[in-house]
Each structure stands twice: as C-alpha cells, then as structure tokens.
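Thanks for coming. I have one structure for today, so please look at the sequence and the model as they come up.

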Amino acid sequence: MSEFDFLGFNFQRITGLIKGTSYIKIQASKKSQTKLKNKLRAIVKHRTSNTLGVLINKVNQVLRRGWKHYFGGIGYPRAIFFRINGFVVDRFYRWHRRLSQRRSKYLSRGAYEKLRQAGLEYLPTTR
C-alpha cells in the first residue's frame, strides 16, 4: 500500500472489500492536521483575556475559510472532521475550566451543544 502527501492531502491506495478492487483514499495529511491544531491552540489559549464570543469568531474563521472549503470537497474528510470537532470542544472546555478555580459547570455537560448555541460552527461530519 503506497501513500504520499501532496498539497496538504494524503493519497493512499486501499484494497477494496471485493477481491481485486482498489481505490484511492484522499484525506487531509497529518502535517495539515498538526498545523491546524497548533493554530487553534494559539487562538484558544487558556491564558487569554478574550471573551467566548471573540474566540468563537476567530475559530469559525479558521475552520470555515481554511478547512471546510479546502478539505471538505474531496475525498473522505468525515473521520478527520469528527476528530477536529472533538479537539475544538476540548480546547474550549479547557479554556473555560481555567477561568476560575471552581469547577466549570457551564461546559461540563453538553459542551458540544452549548458551544453550538454560542455560535461555534463545526466541520460537517455528514455528506
């Protein structure tokens, strides 16, 4: 099984379930995912004075403009988008937990939905 990275994508030849068939799996490369995670870490730092609304606007710009349009139209982005969405929720949860020494009750349960209501746009995990 050969694979290579080109323009942020990873191309991989996969053997199919039917004997003798194969297809090319196209998805975002590990390097692209790492760069996105580092960019999100820089935005949603736990030691920042920005409010939740400002952070959500900045994250939405990166996810919509950068990732959704570039990696969403080609290949199989669903699994990677799902992991990135989980990473974003985890960053916001950690940011909110560090605001006070008391336990965070706002994002403890249902953080995914509460962030959606606050305006966060997730990467699509369905076609």
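One definition to begin with: accessible areas come from the Shrake-Rupley method with a 1.4 Å probe, and for residues only the protein chains shown count as cover. With that method, the protein chain has an accessible surface of about 8900 Å². Carbon and sulfur atoms hold 52% of that surface.

Two remarks on where this comes from. The model is predicted, so local features need pLDDT of at least 70 and side-chain atom pairs count only at pLDDT 80 or more, while totals for chains, interfaces and linings use all residues. Residues are numbered from 1 along each chain as its sequence is written, and side-chain values use heavy atoms, with hydrogens and water left out.

Now the overall layout. The protein chain has three strands and four helices. Helices (H or I, at least four residues) and strands (E, at least two) are DSSP runs, numbered from the N terminus. Read from the N terminus, the order is β-β-β-α-α-α-α. Along the principal axes, the C-alpha atoms fill a box of roughly 60 × 25 × 20 Å.

How many of the residues count as buried? The figure is 34% of the 127 residues. Here buried means under 20% relative accessible area, exposed means over 50%, and partly exposed is in between, with a 1.4 Å probe and protein chains only.

Next, contacts, meaning heavy atoms within 4.5 Å. Take the contacts between residues at least 6 apart in sequence: 53% of them join residues at least 24 apart.

On charge, there are 28 positive and 5 negative side chains. Lys and Arg count as positive and Asp and Glu as negative, and His and the chain ends are not counted. The place of a charge is taken as NZ of Lys, CZ of Arg, CG of Asp or CD of Glu. The centres of the two sets lie 6 Å apart.

Let us go through some residues, starting with the loops. Leu 7 sits in the loop between strand S1 (3–6) and strand S2 (9–15). Leu 7 is not a glycine, yet its phi is positive, about 55°. Is Leu 7 buried or exposed? Leu 7 counts as exposed because its relative accessible area is 57%.

Ser 29 is in the loop between strand S3 (22–28) and H1. Ser 29 has 4% relative accessibility, so it counts as buried. Leaving out residues up to four places away in sequence, Ser 29 touches Asp 5, Gly 8, Phe 9 and Asn 10. From Ser 29 to Leu 7 is 22 residues in sequence and 8.9 Å in space, C-alpha to C-alpha.

Moving on to the helices, Gln 33 lies in helix H1. Gln 33 is buried because its relative accessible area is 8%. Apart from residues up to four places away in sequence, Gln 33 touches Ala 28, Trp 67, Ile 80 and Arg 83.

Leu 63 belongs to helix H2. At 2% relative accessibility, Leu 63 is therefore counted as buried. Setting aside neighbours within four places in sequence, the contacts of Leu 63 include Leu 36, Leu 40, Ile 84 and Val 88. Leu 123 is also in contact with Leu 63; these two are 60 residues apart along the chain, with their C-alpha atoms separated by 7.0 Å.

Helix H3 contains Asn 85. Asn 85 has 3% relative accessibility, so this residue counts as buried. Beyond four places in sequence, Asn 85 is in contact with Tyr 112, Tyr 122, Leu 123 and Thr 125.

Arg 94 is in helix H3 too, and Arg 94 is partly exposed, with a relative accessible area of 39%.

On a 1 Å grid over the protein atoms alone, a cavity is a set of points where a 1.4 Å probe fits but cannot get out, and a pocket is an open set with protein on both sides within 12 Å along at least five of seven lines; lining residues have an atom within 4 Å of a point. Grid points are joined across faces, edges and corners, and a volume is the space filled by probe spheres set on the points.

The largest pocket has a volume of about 260 Å³. It is lined by 14 residues, and the closest to its centre are Ser 32, Lys 35, Leu 36, Trp 67 and Phe 71.

There is one cavity of 30 Å³ or more. The largest cavity holds about 40 Å³ of space, and its lining includes Gln 27, Ala 28, Trp 67 and Phe 71.
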